[in-house]
Amino acid sequence: MPKTSKRERANRDLLVTNCGQLVTLRGAAPRRGKALGELQIIRDGALLLRDGRIAAIGARQKVGRMAESRRAEKIDAHGGVVLPGFVDSHTHLVFAASRAAEYEQRISGATYEEIARQGGGILNSLRKLREMSATELKQRARENLAQFAAHGTTTIEAKSGYGLDWASERKILIILRELAREQEIEIVPTFLGAHVLPPEFRGDKNSADEYVELICREWLPRVAEESLAEFCDVFCDRGTFTIAQSRRILTTARACGLKLRVHAEQLARTGAARLAVELQASSADHLEKLTAADVRALAKSDVTCTMLPGCCFHLGLSHYGPARKLIEAGAIVALATDFNPGTSPTLSMPMILSLACTQMRMTPAEAIAAATINAAYSLGRCESIGSLEVGKFADIAVFDVADYREIPYYFGVNHCVLTMKRGRVIYSRGARTSFSPKGEE
Ligand SMILES: [Zn+2]
């Protein structure tokens, strides 16, 4: 067999074949109501990839007969389930350390808000992040990105918000920018300067407004000038930022050219979801404390409702977000991990699917669509990722199960065996679905 150089191999077409269920999610985006459960599965399918994009998709017999397919390198999915790579639209990727001690405190009875008042919680993460070097933070984040890939995730949104002084917030956003260049997973950066009030601004009652003014007058223009973030997020909740403060930050961010996301209605019902609707934010996240009228308002809007069941699970709460009601009302529902060291230390989207199904009564099909195409929509990327269609990026996750429903069904077990980003293998487990460098079979 003639030897091929690395360059020749990179330019060569790839055929992903023997896909027991090829879950395409083709069709209009975003998905609302009944359409959320329509996965558009091709049984015994194949995909032809060229230059990082999908060149052909369909039944194995048909795609396999194409001349290009016969010449292509082959990847055998061994009859497994093939999905679009997960799009994790809410993470706090860059942090310094776990908060396992607080986890134990909570198990022993302290609430999240009590721990926060004692200087734990986000302030604990803030102290450690400010002290840690960018090199060390980046290395930790890089290791976590490899874990995201191992669980089938190919795109993540990632927020600042554990720095809360300009130098530290910028440090996080620069790390995200560098990681986006240096490794394969796509990273969508979000500025979350209004995560909590930093210690320097706690004390008299006007300091919160002073901090908001600092964000609006100095930080947001700099974020925009250096193109450090695509989105601005605000933690608008009891004990964090008020509706008025959040409105001021978000409208300023929009004027600076940033798109908007909101941490809304997690700890208490404050009206943050309505604010997201009013400002036409891309996403309102958490939403555990929504009223029936909030559900109706969100359903009429184009705001994606991003549910974060990992957070409720880790905090041991029995009340999860009303995903079912939102879906039935016609809202755009997405799922994300909320990967962070305090309230949701998981980067496993398969685990999030399990929680969505068992705790929020989403069907496995709805959960998959929420974690792919609708999450891509919330990040402004549903034209290029989130489904497997000709012309879209070849972002693909292969699971060694026979049926897509088995992905959430086997909770806590990762069945992802192969992950590809833009046609390149970024994760491959074991020999069963090994990447074959051979040209022909
Ligand atoms: Zn969050």
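Reader: Which residue takes a positive phi just after α9?
Author: Helices are DSSP runs of H or I with at least four residues, strands are E runs of at least two, and both are numbered from the N terminus. Just after α9, a positive phi of about 45 degrees is taken by Ser-227.

Reader: What kind of model is this?
Author: Residues are numbered from 1 along each chain as its sequence is written, and side-chain values use heavy atoms, leaving out hydrogens and water. Local features need pLDDT of at least 70, side-chain atom pairs count only at pLDDT 80 or more, and totals for chains, interfaces and linings use all residues, for the model is predicted.

Reader: Where in α9 does a kink lie?
Author: A bend at a residue is the angle between axes fitted to the seven residues ending there and the seven starting there. In α9 the kink is about 40 degrees, shortly before the proline Pro-221, and lies at Trp-219.

Reader: Are the rings of Phe-148 and Phe-339 stacked or edge-to-face?
Author: Rings of Phe, Tyr and Trp (its six-membered ring) pair if their centres lie within 6.5 Å; planes under 30 degrees apart are stacked, over 60 edge-to-face, the rest tilted. That rule gives eight aromatic pairs. Here the centres are 5.5 Å apart and the planes at 90 degrees, so the pair is edge-to-face.

Reader: Is Tyr-409 buried or exposed?
Author: Buried means under 20% relative accessible area, exposed over 50%, and partly exposed in between (1.4 Å probe, protein chains only). Its ring partner Tyr-410, at 35%, is partly exposed. Tyr-409 has 57% relative accessibility, so Tyr-409 counts as exposed.
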